[in-house]
Amino acid sequence: MGDYMDMMPPSHRFISQFDFKGSGRQELSFKAGERFQAVDRTGDWWMMEKLKADGSSTGEKGLVPYNYMAEEGTVEEQPWFFGDLTRTEAVNLLLKGGNTTGSFLIRGSDKQGFTYALSVRSENTVKHFKIFQDEDGEYHVNTSSYFEDLNKLIEYYKVKTVAKGLLLTTPCVKDEPTGTELSLLPVDEWERPQEEFELTQKLGSGNFSQVYEGYWLGKIKIKVAIKTINYDVTTQETFVRETSFLKTLRHRNLVSLYAVCSVGKPFYIVTELLSKGDLLKFLRSNEGEKLNVDGLLDIAGQIVDGMQYLEVNNCVHRDLAARNILIGKNNICKIADFGLARFIKDETYISQSKEVPYKWTAPEALAYGRYTLKSDAWSYGVLLYEIMSKGMNPYPGLHNSELLRYLKKGNRMEAPPNCSDKIYKVMLDCWQENPLKRPTFDDLKTSIDNLANYEPSEDSPKPPNKPKGWMNKLRKPVK
Ligand code: ADP
Ligand code: MG
């Protein structure tokens, strides 16, 4: 296999990675290893034509979930390639049963300077190595050995140690994706009648809404989270307009919106359900207690990824805080409630009532209602404090009413216990008085990425050459 970036198969053929039983009228059922021709790859359900082994059509056409497919002739097909997996997801997968020392995977890296990362299990820990690619397209982990493709690199490190005593053995066991990772409807069909939803258990309530676990009795019965907007905080027109904008925002670190009900009160916002609840509770739980700095930084990094996406799409969050980050399988972090504050909480915010999350809000937003991505950057600093302190309350001992004066005098929160200067410096950058001096989320991404730990390689590699936008290539819909 050569460099997969150079091998753009003109035919867009795919191979199924798992068995799938279609339940909707338009869905195809298939077994792992079948071949398909892409017809339309927009959204999470792709229109595909099933092929016979010889590549000719079977005449069967229908919808398939995108994450069950791998493109033929690309690195996606490889059992050891896990796509845009985060560091924490990699750790959690490799530490699961079925894997042992030497189990490994390669994941894409969006980080500055290197193309892929190799994660390898070593006893009960996981080690990460950077894989660089040079101008000629050759790969290396360190400058003593270069490889024409990733397969050769892997074969080499099966016989020669990649770090002291550590050889690669078999690819990490792959999990079958679950249906709930998919947005199940195209944008224009997402207004649903309330009868399609069954509320089972209350998960929590905020100031403007209550959140329930429940079922969507739609195309297939799936578990969802249903947010009910409990009083007259907005008109139906505003609700429909704003939520249909939010629905267009799609990123792995944002909670996916599935549907809304705007006919009848209360309004519903139906989203994916995240199994581990909110980040604040998680940080304070036994599982959070066990996280080390790498794990915490990974969470911080995932949130930056989501915020960077919101930044590009000009969506101001306004209520960025650990309580509004949700955690799912393999510690994936997703930002919730983005953009909702704008149209639901506006009046309350301006009237400076008790509902304002004072300790997370930038001074200019508190004083003049000036909410921007730079006030989100301020909140991100506070959120980073919550993460590094494993869920401490910000400004311990300080009353809300004293906060603005405290900040105006130039005071800032102290670093949380055991937090490195480098990480604390990121918080202080976010808390600059002048919003323009605060970092963008693009800047923050670089800062947080640079804090993550990788195993040292024997030589220092020369500056690598990263193929541009490889990740987009993997998932970009092709018309
Ligand atoms: P707030 O953000 O003001 O605490 P919310 O109404 O947004 O209130 O949510 C209340 C609680 O419900 C959250 O803290 C979280 O524990 C839970 N929750 C909200 N959405 C989800 C979801 N999609 N999946 C799982 N739990 C959720
Ligand atoms: Mg919330």
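Predicted model: local features only at pLDDT ≥ 70, side-chain atom pairs only at ≥ 80, totals over all residues.
Residues are numbered from 1 along each chain as its sequence is written, chains are lettered from A and ligands numbered from 1 in the order in which they are written, and side-chain values use heavy atoms, with hydrogens and water left out.

**Stop 1: the whole chain.** Color by secondary structure and you'll have 14 helices and 16 strands (DSSP runs numbered from the N terminus: H or I of at least four residues for helices, E of at least two for strands).

**Stop 2: the magnesium ion.** Select ligand 2, the magnesium ion, and show Asn-324 (OD1) and Asp-337 (OD), which coordinate it at 2.0 Å. Donors here are N, O and S atoms within 2.8 Å of the metal (3.2 Å for Na, K and Ca), and water is not among the atoms, so the site may look incomplete. Asn-324 sits in the loop between helix H6 (293-312) and strand S15 (325-327), and Asp-337 in the loop between strand S16 (333-335) and helix H7 (340-344), 13 residues apart. Asn-324 counts as buried because its relative accessibility is 9%.

**Stop 3: ligand 1.** Now pick ligand 1 and the 18 residues around it (a heavy atom within 4 Å); Lys-227, Glu-272, Asp-278, Asn-324 and Asp-337 come nearest. For polar contacts (N or O pairs within 3.5 Å), an oxygen of ligand 1 lies 2.7 Å from a side-chain N or O atom of Lys-227. For Asp-337, the corresponding distance is 2.9 Å, and for Ser-209 it is 3.2 Å.

**Stop 4: the largest nonpolar core.** Which residues touch the most other members of this core? Select Leu-279, Ile-303, Tyr-380 and Ile-387, out of 67 residues (a core is a set of buried Ala, Val, Leu, Ile, Met, Phe, Trp, Tyr and Cys residues joined through side-chain atoms within 4.5 Å). Helix H10 (residues 373-388) gives the largest share, 10 residues. Zoom in on Tyr-380: its contacts (heavy atoms within 4.5 Å) include Ile-303, Leu-320 and Phe-441.

**Stop 5: helix H1.** Finish at residues 87-94, helix H1, where 6 of the 8 residues are buried, so the helix is largely enclosed by the rest of the structure. Those buried residues pack against strands S6 (104-108), S7 (116-122) and S8 (125-133), plus H6.

Notes
Buried < 20%, exposed > 50% of the residue type's maximum accessible area, 1.4 Å probe, protein only. Polar contact = N/O pair within 3.5 Å; in protein donor to acceptor, adjacent residues only side chain to side chain. Lists of a residue's contacts leave out its neighbours within four places in sequence.
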